[in-house]
Amino acid sequence: MATARFWRDNPSRYNLKAVRCGNCGKVFFPPRAVCSVCHRKSIGKMECMSLKGEGELISFSVVHDAPSQFEIHKPYVVAIVRMDEGVMLTSQLIDVDPKEVRIGMRVRTTLRKVGEDGPAGVIYYGYKFAPVRA
Amino acid sequence: MDVGIVSYGAYVPRYRITPQEIGRVWGSDGEMMSKGLMIYSKSVPAPDEDVITISVEAARNMMRRVPEVDPQDIGALYVGSESHPYAVKPSGTIVAEAIGCSPNMTVADYEFACKAGTAAIQTCMGLVGAGMVRYGVAIGADTSQGAPGDPLEYSASAGGAAFLIGSKDVIAVINHTCSFTTDTPDFWRREGQDYPSHGGRFTGEPAYFKHVASAAKLVLKRAGSKPSDYAHAVFHQPNGKFPQRVAKMLGFTDKQIEVGLLTPKIGNTYSGAVPLGLSAVLDVAQPGERVFVVAYGSGAGADGFDITITDNITRLRRLAAPLVSHYIEDRQVIDYATYAKFRGKIRLKGGSA
């Protein structure tokens with residue numbers, strides 16, 4: 001992946017930067033310029049915010065046939081999570097035995113390596129989910 | 001002006017491997033190694049963890065305890081480690097972005113074997129004391145490696161802790177800090193080498209014990225204190241036995257070092273070792289207690305600290321982030337094959353993350 005393309009999204013990948021429509025209150029992640037519900041009524045009213053990072057697992061899949069960069073993780077879990085702000089995110093669920101994953105479990109985001117451009121390239125960091133245990 | 005610790009946060013990866021399992025693979029007596037080093041398991045980072053992710057987790061735990069602190073008031077951030085993921089490109093810039101304190105600040109990565117984290121604390125103390133910054137963040141973290149089969153493999157582990165250094169609402173005043181530094185080549189890693197080398201027994205008397213004891217005596221003299229004045233003492237802990245021995249040499253009891261001695265359960269977290277031990281002490285410390293700290297870094301030097309816990313610790317939201325004991329108990333033991341895969345000891349086709 002182009003370094004600049006990834007870098008542009010770092011605020012969202014590191015700190016879950018999102019936007020809330022000032023007209024209807026709907027939250028969007030990643031941020032977008034116009035609300036998909038209110039359209040032109042939302043122009044100039046999209047407010048920047050950060051998701052708090054906690055949510056509930058809505059669905060998941062255990063990956064046994066992984067892309068080359070994720071071979072070392074398999075079998076691993078990919079989850080769809082409804083964040084407490086209502087928006088849905090998809091990412092890897094880590095620090096968990098796939099057998100222990102349950103729909104409805106509480107998870108939180110944590111920063112992990114999500115990829116790299118080979119051994120000499122840039123390392124990419126972003127959010128992954130981990131079970132809330134503490 | 002009282003300069004000291006305003007908040008702290010720790011993190012330890014949850015995977016563990018035992019000395020018995022390492023010994024099984026290399027045909028060594030793992031049980032004997034375990035007893036000799038006083039290490040019963042060591043932490044292992046997941047394949048997607050490194051010094052940056054560990055530092056971010058520790059720094060976020062630190063900020064969770066002080067929601068009243070605006071990250072934009074942090075003027076400096078230093079990450080001390082001997083396993084920075086990049087040779088050129090600071091770990092600290094990513095940590096700073098992740099806790100929201102960039103861009104009007106200074107960042108640098110530190111390296112001084114196992115004491116780079118305490119060197120970062122001293123730097124932040126200077127900047128805060130001089131009035132150059134309101135808050136400084138000092139982090140010590142490592143994902144240290146020992147060559148396969150080397151005695152270091154039984155101890156080298158991963159973890160880290162972060163400290164918010166300031167002069168307002170400090171939970172722990174750092175009354176004095178003294179360092180003792182010489183050119184002593186007891187442990188090193190040349191540029192481009194995957195694994196460190198060490199001087200075997202040379203790492204003991206002329207290196208660890210001489211430097212730790214000298215820095216400790218400097219602190220006691222400067223503070224005009226004696227070992228019995230302290231409720232807790234934290235010494236660098238490359239294994240479980242060295243800190244016990246140096247504590248006894250100096251007149252500290254096993255009880256004084258008990259809370260801050262984590263190496264038997266998680267191994268030697270290098271730059272994270274003393275910061276994690278101090279975090280474990282701050283998890284339980286009471287107002288008025290004094291804490292004695294000496295970190296050691298090969299090469300070689302020792303940083304000593306005389307610390308007094310203040311009443312503010314009762315107002316700190318200690319439970320807003322996981323305690324060190326949570327990370328120690330939340331563990332999953334893995335076998336050597338999984339450990340070798342996680343630590344990149346197996347040659348793979350293509351990259352991995």
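Visitor: How many salt bridges are there between domain 1 of chain A and domain 2 of chain A?
Guide: The count between these two domains is zero salt bridges, a salt bridge being a side-chain nitrogen of Lys or Arg within 4 Å of a carboxyl oxygen of Asp or Glu. The model is predicted, local features need pLDDT of at least 70, side-chain atom pairs count only at pLDDT 80 or more, and totals for chains, interfaces and linings use all residues. Residues are numbered from 1 along each chain as its sequence is written, chains are lettered from A and ligands numbered from 1 in the order in which they are written, and side-chain values use heavy atoms, with hydrogens and water left out.

Visitor: Where do the domains of chain A run, and how many Å separate their centres?
Guide: Domain 1 covers 14-50 and domain 2 covers 52-134; such bounds come from an automatic or database domain assignment. The centres, taken over C-alpha atoms, are 24 Å apart.

Visitor: What area is buried between them?
Guide: The two domains of chain A bury about 680 Å², with 75% of it from carbon and sulfur atoms. Buried area is the accessible area (1.4 Å probe) that two parts lose on being put together, summed over both. Y14(A), L16(A) and F29(A) supply 71% of the area that domain 1 of chain A buries against domain 2 of chain A, more than any other three residues.

Visitor: Changing topic: how many residues of chain A are in contact with chain B?
Guide: 25 residues of chain A are in contact with 29 residues of chain B, where contact means heavy atoms within 4.5 Å. Between them the chains bury about 2,300 Å², 51% of it on carbon and sulfur atoms.

Visitor: How many polar pairs and salt bridges cross that interface?
Guide: There are 14 residue pairs in polar contact between chain A and chain B, both residues at pLDDT 80 or more. The rule also finds four salt bridges across the interface.

Visitor: Which element of chain A gives the most there?
Guide: Strand 7 of chain A does, with eight residues on the side that touches chain B; helices (H or I, at least four residues) and strands (E, at least two) are DSSP runs, numbered from the N terminus. By class, that side has 10 nonpolar, seven polar and eight charged residues.

Visitor: What does K128(A) pair with?
Guide: K128(A) meets D48(B) in a salt bridge, at 2.8 Å from N to O. K128(A) lies in strand 8 of chain A and D48(B) in the loop between strand 3 (42-44) and helix 3 (51-64) of chain B, so the pair joins two chains.

Visitor: Are those two buried or exposed?
Guide: K128(A) is buried at 1% relative accessibility, and D48(B) is buried at 2%. Buried means under 20% relative accessible area, exposed over 50%, and partly exposed in between (1.4 Å probe, protein chains only).

Visitor: Which residue of chain B does R112(A) bridge to?
Guide: R112(A) forms a salt bridge with E49(B), the closest N and O atoms being 3.2 Å apart.

Visitor: What about a bridge inside chain B, say at D306(B)?
Guide: D306(B) pairs with R290(B), their closest N and O atoms being 3.1 Å apart. D306(B) is in strand 13 (residues 299-309) and R290(B) in strand 12 (residues 290-297) of chain B, so the pair ties together parts 16 residues apart in sequence. Elsewhere, salt bridges that share partners join D95(A), R112(A), K128(A), D48(B) and E49(B) into one network.

Visitor: And within chain A, which residue meets D84(A)?
Guide: The side chains of D84(A) and R106(A) form a salt bridge of 3.0 Å, N to O. D84(A) lies in the loop between strand 5 (76-83) and strand 6 (88-93) of chain A and R106(A) in strand 7, so the bridge ties together parts 22 residues apart in sequence. D84(A) is partly exposed at 49% relative accessible area, and R106(A) is partly exposed at 35%.

How values were computed: Polar contact = N/O pair within 3.5 Å; in protein donor to acceptor, adjacent residues only side chain to side chain. Nonpolar A, V, L, I, M, F, W, Y, C, P; charged D, E, K, R; others polar.
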